[in-house]
Amino acid sequence: MASLRFSVTFPALFSLLLSLWVVDACTSRKLISNNEQEGQNISHLFKDGEFEDPTMYMFFKISDLKLGTKLPIYFNKNDLRKVPPLLTRQEADLIPFSESNLDFLLNHFSISKDSPQGEAMKETLQRCDFKAIEGEYKFCGTSLESMLDLAKKTIASNADLKVMTTKVMVPDQNRISYALHNYTFAEVPKELDGIKVLGCHRMPYPYVVYYCHGHKSGTKVFEVNLMSDDGIQLVVGPAVCHMDTSMWNADHVAFKVLKIEPRSAPVCHFFPLDNIVWVSK
């Protein structure tokens with residue numbers, strides 16, 4: 001199994017992130033709102049017992065982590081034509097980043113409060129303003145420099161920090177497909193023992209913002225190799241299993257997707273192509 005990890009340098013990380021950024025709000029991928037995650041109505045995500053939103057096909061059970069298991073998985077397509085601007089730390093620090101400044105920010109970016117973009121901005125700021133729950137660490141990076149510094153401060157020194165991403169590999173780039181596919185574990189998933197982990201998710205915002213969070217215990221990280229049914233696409237990337245879900249909201253969407261009793265079992269998930277996973281010994 002090819003290693004996905006490498007030491008972080010600023011130029012390498014910049015090059016990596018440039019290939020990942022996409023715009024989520026009102027483009028190719030629907031954002032699951034905080035209200036939905038907190039247990040309000042999510043019935044619109046489901047249709048005839050299946051998932052109307054293909055991004056729901058990212059969760060799986062820990063018992064699935066074995067050679068030969070087949071799962072329907074959706075890895076969304078990056079659209080670099082819609083890349084939001086990347087700000088330097090100096091530029092980002094000049095712009096307030098808090099829900100209390102929402103009216104100013106909407107006016108600054110010429111975005112209507114009631115528009116989908118305005119709602120997405122509010123949601124991002126709310127999530128970033130939330131205090132971490134017990135046993136969790138979290139932050140939002142508004143620039144490349146701040147994200148790297150906060151990751152180092154949170155889980156490791158620069159020398160120990162590694163980064164992982166999800167990659168789709170095909171013999172011919174013209175045949176690549178980002179639709180929903182059946183994938184099979186082509187190799188035995190490799191568990192990374194004794195590490196700290198931060199998952200960073202691209203948030204809808206007028207410029208690049210990553211929401212990063214992790215748990216101080218109870219998380220397992222795996223490197224996985226997945227082969228599509230047609231034998232054309234190999235997906236190599238990280239997968240995370242949250243072993244203790246006892247503190248999760250009982251209406252968390254993952255329990256409904258996996259059809260398991262709330263808080264009764266671990267929840268695992270793959271990472272979209274525009275996400276980043278930091279790991280450290």
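At 42% relative accessibility, arginine 263 counts as partly exposed, the class between buried (under 20% relative accessible area) and exposed (over 50%), computed with a 1.4 Å probe on protein chains only. The structure is a predicted model, in which local features need pLDDT of at least 70 and side-chain atom pairs count only at pLDDT 80 or more, while totals for chains, interfaces and linings use all residues. Residues are numbered from 1 along each chain as its sequence is written, and side-chain values use heavy atoms, with hydrogens and water left out.

Arginine 263 belongs to the loop that links helix 7 and strand 14; helices (H or I, at least four residues) and strands (E, at least two) are DSSP runs, numbered from the N terminus. Although arginine 263 is a residue other than glycine, its phi is positive, near 65°. Lysine 259 lies in the loop between helix 7 (253-258) and strand 14 (267-270). A positive phi, about 55°, is found for lysine 259 too, again in a residue that is not a glycine. With a relative accessibility of 68%, lysine 259 counts as exposed.

Turning to the sheet, five strands form an open arrangement in the order 5-11-10-15-6, with antiparallel pairing; two strands pair if DSSP finds at least two bridges between them. Strand 5 (136-141) and strand 6 (162-164) are the edge strands, each pairing on one side only. On average, and with direction ignored, neighbouring strands of this sheet are turned by 20° against each other; axes here are lines fitted to C-alpha atoms, for helices over the stretch in contact, and angles run from 0 to 180 degrees between N-to-C directions.

Within this sheet, strand 15 (residues 276-280) is joined by five bridges to strand 10 (residues 196-202), and the two run antiparallel. Isoleucine 276 of strand 15 stands opposite cysteine 200, and tryptophan 278 is the bridge partner of leucine 198. Strand 6 is joined to strand 15 by three bridges, also in antiparallel fashion, and here valine 163 stands opposite tryptophan 278.

How many residues of strand 15 are buried? Five of its five residues are, so that the strand is described as mostly covered. Both faces contribute: Ile276, Trp278 and Ser280 are buried on one side, and Val277 and Val279 on the other. Helix 6 (residues 144-155) lies across strand 5, strand 10, strand 11 (210-215) and strand 15, running at about 165° to strand 5; contact means heavy atoms within 4.5 Å.
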